[in-house]
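The following report covers strand pairing, sheets, domains and helix packing, in that order. Please read it alongside the sequence and the coordinates.

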Amino acid sequence: MTAIVTLLIDSYRLLKARVLFWITLGISGLVGLVYLSIGFNDSGMTLFFGLIPLEHSELRRGSELAELFYIGIFTKFIVPLWITWIAIILGLISTASIFPDFMTEGSIELSLSKPVHRLKVFLTKYVGSLLFMFIQVGLFTVLVFLALRWRVGTWNPSVLWMVPLSVLVFSYLYAVVVLVNVMTRSTLAGILFALLIWFMSFVMNFVEGNLYTYAFTDAGKDDPEMQEMLKPWYRGSRLAYTVIPKTKQTTEFGDRMIKVKGKQGFSTEDFTGIIFGGMIQEGGLEGVDQVMRRNSGFYVIGSSLLFEGALVAIAAGIFCRRDF
Amino acid sequence: MEPPVLDLRHVRKIYKGRVEALRGIALEVPKGSVFGLLGPNGAGKSTLVKILTTVIRPTKCEGTMLGHPVGHKPTLRRIGYLPENARFPGYLSGRQVVEYSAGLAGIPSRRARPRVDELLELVGMKDWAQRKVRTYSKGMKQRVGLAQALVNDPELLFLDEPTDGVDPEGRREIRIIIDEMRSEGRTIFVNTHLLSELEQVADRVAILSKGEVVRAGDLMELTKARQEFEIVVASEIGEELAAALREKGATTEARTVLSRGANPEVVQPLIDLLRARGAIIQSIQPKRMSLEELFLEAVEEARAENRP
């Protein structure tokens with residue numbers, strides 16, 4: 001246990017020593033501050049701590065929609081743009097050199113010559129690297145949690161789901177980095193392969209999602225023949241999609257876990273309805289929510305974890321058998 | 001008699017690509033000794049130490065280390081190791097490096113703290129302990145490396161090129177530390193190419209060449225076996241006298257006569273001859289072969305044997 005704690009403390013020290021860690025934390029703080037600056041009064045909402053007032057008939061202090069809107073900014077803008085996009089890229093760049101540095105001659109001997117099994121060293125180092133994302137998202141989400149209480153008056157612990165989910169998304173990609181690191185000892189190759197897998201995941205999610213949309217939702221109901229034709233294509237795409245990590249859907253799973261107005265699940269339709277008012281017909285975005293929920297959480301996270309587990313197992317196997 | 005700390009037989013290592021780094025090493029290291037492993041670059045010295053510290057997996061290895069088979073992880077609790085060209089993370093301070101080593105050895109931080117202080121003082125790094133390692137000179141890194149190797153109070157200490165990059169004063173201090181360790185009953189296994197350093201502390205040595213032990217034994221015995229007597233005369237030795245001396249098995253150079261052998265009897269006929277020819281003898285002294293000479297001779301012999 002002492003060895004595990006030592007390795008984790010070392011990981012924390014290593015992350016603290018990275019400039020990108022502080023840059024990311026600084027940007028997170030800034031984004032959090034901007035989020036916190038959004039408030040509501042009797043005539044509508046305000047930006048930058050009341051500097052810019054925006055009149056709105058529905059979004060007012062104490063209105064039911066205010067909470068939905070406030071959470072929506074977090075789940076629909078901040079999470080997909082900042083946390084699971086830019087912060088992850090910065091995280092990958094920041095942590096991609098951890099294993100190559102650790103495996104350098106003259107450095108690795110210090111750890112492997114100790115009475116700790118190599119597998120334990122490897123796994124602890126791996127988990128320690130995930131601290132980057134955990135600390136970043138953890139601090140940010142706690143800020144959001146407090147902001148919700150301050151701005152809309154509710155304690156909503158369900159937003160904290162974003163912490164494990166974001167760390168999960170990061171870990172899928174970090175597993176790719178580590179496997180490539182262990183095989184090639186190259187930092188750059190690790191980042192490039194992780195970005196490639198991420199891109200493939202994005203493309204596969206797009207293809208599988210769209211095939212589902214036209215094969216199974218109202219979007220394709222006008223052409224039943226086409227729907228029937230697309231179904232086998234969908235099944236094929238889903239099979240391929242199963243073996244790669246589902247980064248976007250894991251993030252979107254957060255929407256399902258968040259509780260708004262006592263109801264589980266954040267509705268894109270409701271949120272978009274607030275923003276665009278009467279511009280969107282009632283029920284017009286039901287399909288969007290349906291597509292987001294097309295795969296079970298067990299499938300999305302389970303299959304992604306299997307992917308991650310397989311990669312980590314191969315990397316661990318190489319690490320444990322290698323002569324350094 | 002106490003069993004040896006290291007008792008190795010048939011240690012072989014073949015790397016991928018069929019490079020044979022070790023070709024059946026057999027070694028015995030007695031408890032409480034300073035053991036020096038010598039060899040030219042690429043002889044397999046570091047490979048052997050890495051096998052013993054589980055950094056490298058042997059192709060074959062029989063024998064024991066501290067009474068357990070080589071590779072037995074819990075035994076590593078009782079050993080210390082300073083690798084060659086040790087690289088400590090630049091983001092850690094010297095103190096944190098030693099604490100890290102203690103933690104991995106399973107020593108809780110509360111227990112490690114006084115030991116860390118004591119060791120940093122011992123290696124002369126107490127005043128620099130809070131500074132980041134990236135600001136250290138090579139010699140300072142070696143000192144911290146020595147401290148981290150000692151943090152678990154090891155019975156067996158592996159030092160791979162411990163004086164690399166260390167200034168003369170630091171080398172002397174490291175020698176003193178090694179002496180102290182020995183007097184405390186620890187066994188020190190030193191890999192080095194600084195033969196003069198090793199000669200001052202080692203009890204036993206082994207010379208590796210191309211993955212094989214070509215000489216091994218007690219340092220005094222090995223150098224004594226090649227003992228010489230050196231006779232220095234007042235004036236240059238003439239050709240005629242030199243030829244007569246050569247007939248009696250001696251070699252000459254300017255005013256010096258060298259006679260091989262540990263027994264003083266061998267030198268008596270040479271003294272008689274010199275005196276009979278009127279040479280004035282200034283000094284006669286037994287001269288041991290230096291470790292460097294022993295090393296060069298052993299390596300050269302090994303090379304000659306391998307030549308087609």
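In chain B, strand β1 (residues 6-15) and strand β2 (residues 19-29) pair in the antiparallel sense over eight bridges, where helices (H or I, at least four residues) and strands (E, at least two) are DSSP runs numbered from the N terminus, and two strands pair if DSSP finds at least two bridges between them. V11(B) has I25(B) in β2(B) as its bridge partner. The two strands β1(B) and β2(B) form a hairpin with three residues between them, and G17(B) in the turn has a positive phi of about 90°.

This is a predicted model, in which local features need pLDDT of at least 70 and side-chain atom pairs count only at pLDDT 80 or more, whereas totals for chains, interfaces and linings use all residues. Residues are numbered from 1 along each chain as its sequence is written, chains are lettered from A and ligands numbered from 1 in the order in which they are written, and side-chain values use heavy atoms, with hydrogens and water left out.

Chain B is divided into domain 1 (6-223) and domain 2 (228-287), with bounds that come from an automatic or database domain assignment. The C-alpha centres of these two domains of chain B lie 44 Å apart.

Chain B also holds an open sheet of four strands, in the order β12-β13-β11-β14, with antiparallel pairing. Its edge strands, each pairing on one side only, are β12 (251-253) and β14 (281-287) of chain B, and the twist averages 20° from one strand to the next. Within this chain, strand β11 (residues 228-233) pairs with β14(B) in the antiparallel sense over six bridges, and E230(B) stands opposite Q285(B) in β14(B).

In chain A, three strands form an open sheet in the order β1-β2-β3, again with antiparallel pairing. The edge strands of this sheet are β1 (39-41) and β3 (52-55) of chain A, each of which pairs on one side only, and neighbouring strands are turned by 30° against each other on average, direction ignored. Strand β2 (residues 44-47) of chain A is joined to β3(A) by four bridges, the two running antiparallel, and M45(A) has L54(A) in β3(A) as its bridge partner.

| Helix pair (chain A) | Axes come within | Crossing angle |
|---|---|---|
| α9 (residues 187-216) and α10 (residues 224-242) | 8 Å | roughly 155° |
| α2 (residues 19-36) and α7 (residues 131-152) | 10 Å | roughly 15° |

Among the residues in contact are L20(A), F21(A) and L36(A) in α2(A), and F132(A), L139(A) and R151(A) in α7(A). By class, the contact of α2(A) with α7(A) has 16 nonpolar, four polar and one charged residues.

Key: Axes are lines fitted to C-alpha atoms, for helices over the stretch in contact, and angles run from 0 to 180 degrees between N-to-C directions. Contact means heavy atoms within 4.5 Å. Ala, Val, Leu, Ile, Met, Phe, Trp, Tyr, Cys and Pro count as nonpolar, Asp, Glu, Lys and Arg as charged, and the others, Gly among them, as polar.
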